[in-house]
Amino acid sequence: MNFEDIPPSEEEEVVVLPPAVPEESAPAAAVPVVEDEPAVPVVEDEPAAVDDTLAKFNAEWEAKLAEKREAEFEMQKAARANAEEERAAWNTQRDIRLKAKKDSNRSEEQVLQEALESEVENSKTWERVSKLIDAGESADGKGSDTSRMRKLFIQLKSEPLDVTRAAAAAKGE
């Protein structure tokens, strides 16, 4: 890298050194050495300028960070407000669904109670029992297998117990 091509700034003092001569070809006393003047130019205001520039940069950086924090805080605030509104809307919809389900359950229960009360007046016990079970339902694996009990109820409905006992007693006599 050749530093001779770089022009000096206006504030710097330029010190031109003579070209270096190899030690073998020239005696050591031939090169003048000046110890009073430094080889590197000294700028007296440089530390203060660096401090001012650094302080200015730090102040700008802190201002940017404060703006970013404020923007992030506002975004969080907006997101929380939006989430609160959505939660309130969801709770409202949930309450509406629950109320509708409660009303439908009450009406179904009332219909079932009325049907049971009308059947209590009916004296045929097996007809009431057969209405409580679904004869066409098959075992779907959700609970215990009730097909055997269903068959027994259907048999008892078609042939009541007192009829079968009377027939069994007649055979035994």
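**View 1. F57 and W61, an aromatic pair in helix α1.** At 47% relative accessibility, F57 counts as partly exposed, a label for anything between buried (under 20% relative accessible area) and exposed (over 50%), using a 1.4 Å probe and protein chains only. W61 is partly exposed too, with a relative accessible area of 40%. A quick word on the model: it is predicted, so local features need pLDDT of at least 70 and side-chain atom pairs pLDDT 80 or more, while totals for chains, interfaces and linings use all residues. Residues are numbered from 1 along each chain as its sequence is written, and side-chain values use heavy atoms, with hydrogens and water left out.

Back to the rings: the count comes to one aromatic pair, where ring centres of Phe, Tyr or Trp (its six-membered ring) must lie within 6.5 Å. F57 and W61 form that pair, with 6.4 Å from centre to centre and 15 degrees between the planes, and it is stacked (planes under 30 degrees apart; over 60 would be edge-to-face, and the rest tilted). The two residues sit four apart in α1, about one turn of the helix. Helices here are DSSP runs (H or I, at least four residues), numbered from the N terminus.

**View 2. R87 and E84, a salt bridge.** R87 is partly exposed at 47% relative accessibility, and E84 is partly exposed at 44%.

**View 3. R106 and D103, another salt bridge.** Here the side chains meet at 3.5 Å, N to O. R106 and D103 are three residues apart in helix α1, which again puts about one helical turn between them. R106 counts as exposed at 54% relative accessibility, whereas D103 is partly exposed at 40%.

**View 4. Helix α3 and its buried face.** Which residues of α3 are buried? They are R150, F153 and L156. Seen down the axis of α3, these fall within an arc of 125 degrees, so they line one face of the helix; the arc is taken from the directions from the helix axis to the C-beta atoms. On the other side of α3, R148, K151 and S158 are exposed.

Notes. A salt bridge is a side-chain nitrogen of Lys or Arg within 4 Å of a carboxyl oxygen of Asp or Glu.
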